[in-house]
Amino acid sequence: MSIIELQGLGKRYPNGLVALEGIDLTIEAGEVFGIIGKSGAGKSTLARCVNFLERPTAGEVLFEGQPLSRMSRTQIHKLRQSIGMIFQQFNLLMQRTVTENISFPMEIAGWKRADIHARAAELLALVGLEDKAKSYPKQLSGGQRQRVAIARALATHPKVLICDEATSALDPGTTRDILSLLRDINRRFGLTILVITHEMRVVETICHRVAILGGTHVAEVGNVREVFANPRTSAARELLHADGGITTDGAAITRLARLLEERGLTAEEVLERV
Ligand code: ADP
């Protein structure tokens, strides 16, 4: 069953820039779906159009078959509780503790204090931060901050989690931990996850299917392994090449060299991480 359907979706910003054109995508309930593209391809715009944070200028978004364009503001507001989001910069409230951050969406939704308390404890355990309940975001590492953001996004039992470059600010080891947490959440709760990224590795690690966004439109869509093994369009080949293995270009070599320099690692240790 499809949970999100984009039909001929388009977005033209008020300054005339066309960010998205004729996007047709169907995301199935329970899958981890990746949207990958170069910087400026329209990925964030697409992520924001899914829950009408950004209003599309063409086409339609359907959530469980219901067209968003026909929903009232109150209905859209309610729908957003079904779609959690996490971002590259975590977007935590710095003056609030971890528990207070996680409790925030439940307060907004008008939950009872006892229910908030119980759910916050459950979420802290889920993301492995029981011992950080009273810490403030600035006392946490990047990976721990993203765990708080995940717990907060899941607080009101959403059906979909949108991850907009959620691991792009994290080092490779922390990225692996966060991706494995997301995969675990997908498996345990059947949560649908929409992963927006410019990194092929992220898609390979957790996504079942992927859409390649190439300059405003969908260049290819399909099973991750098939799309990555047999890219049919130049947009796909370019993207895979740019983020590809050690043999492809200077970018990977530069990344290796930087890792070596920053961490004082051996070549073997570095190869394990790239
Ligand atoms: P990505 O997430 O793939 O990097 P974005 O969705 O952020 O791409 O941006 C797609 C295009 O839309 C870019 O050319 C960007 O400059 C433009 N854009 C993004 N937000 C706005 C805005 N609020 N007003 C005008 N143009 C925008």
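1. Basis of the note. The model is a predicted one, in which local features need pLDDT of at least 70 and side-chain atom pairs count only at pLDDT 80 or more, while totals for chains, interfaces and linings use all residues. Residues are numbered from 1 along each chain as its sequence is written, and side-chain values use heavy atoms, with hydrogens and water left out.

2. The chain as a whole. The protein chain holds 11 helices and 10 strands; helices (H or I, at least four residues) and strands (E, at least two) are DSSP runs numbered from the N terminus. Of its 274 residues, 47% are buried, where buried means under 20% relative accessible area, exposed over 50% and partly exposed in between (1.4 Å probe, protein chains only). Among contacts with a separation of 6 or more, 66% join residues 24 or more positions apart; contact means heavy atoms within 4.5 Å.

3. Helices α5 and α6. The axes of α5 (residues 142-154) and α6 (residues 172-189) come within 10 Å and cross at roughly 20 degrees. Accordingly, α5 is roughly parallel to α6. Axes are lines fitted to C-alpha atoms, for helices over the stretch in contact, with angles from 0 to 180 degrees between N-to-C directions. Angles under 35 degrees count as roughly parallel, over 145 as roughly antiparallel, 65 to 115 as roughly perpendicular and the rest as oblique. The crossing of α5 and α6 is right-handed; a crossing is right-handed if the near helix is turned clockwise from the far one by less than a right angle, and left-handed if anticlockwise. On the α5 side the contact involves Gly143, Gln146, Arg147, Ile150 and Leu154, which meet Thr174, Asp177, Ile178, Leu181, Leu182 and Ile185 of α6. By class, this contact has 6 nonpolar, 3 polar and 2 charged residues. Here Ala, Val, Leu, Ile, Met, Phe, Trp, Tyr, Cys and Pro count as nonpolar, Asp, Glu, Lys and Arg as charged, and the others, Gly among them, as polar.

4. Helices α3 and α5. The axes of α3 and α5 come within 7 Å and cross at roughly 30 degrees, and the two helices are therefore roughly parallel to each other. Their crossing is right-handed. Val98, Asn101, Ile102 and Pro105 in α3 meet Val148, Ala151 and Arg152 in α5. The contact of α3 with α5 has 5 nonpolar, 1 polar and 1 charged residues.

5. Helices α3 and α4. How do the axes of α3 (residues 98-108) and α4 cross? They come within 9 Å and cross at roughly 125 degrees, and α3 and α4 are therefore oblique to each other. This crossing is right-handed. The contact is made by Val98, Thr99, Ile102, Ser103, Met106 and Glu107 of α3 and by Ile116, Arg119, Ala120, Leu123 and Leu124 of α4. These residues divide into 7 nonpolar, 2 polar and 2 charged.

6. Nonpolar cores. A nonpolar core is a set of buried Ala, Val, Leu, Ile, Met, Phe, Trp, Tyr and Cys residues joined through side-chain atoms within 4.5 Å. The largest has 50 residues, and those with the most contacts inside it are Ile102, Ile150 and Leu182. The largest share of this core, 6 residues, comes from α5. A second, separate core of 30 residues includes Leu9, Val50, Val160 and Leu213. Leaving out residues up to four places away in sequence, Leu182 touches Ile150, Leu161, Cys163, Ile193 and Ile206.

7. Val127. This residue lies in the loop between α4 (113-126) and α5. Val127 is buried, with a relative accessible area of 1%. Apart from its neighbours within four places in sequence, Val127 is in contact with Arg147, Ile150, Ala151 and Leu181. Residues with positive phi. Glu64, in the loop between β4 (58-63) and β5 (66-67), has a positive phi of about 50 degrees although it is not a glycine. At 33% relative accessibility, Glu64 counts as partly exposed. Thr216, in the loop between β9 (209-214) and β10 (217-223), has a positive phi near 75 degrees and is likewise a residue other than glycine. At 15% relative accessibility, Thr216 counts as buried.
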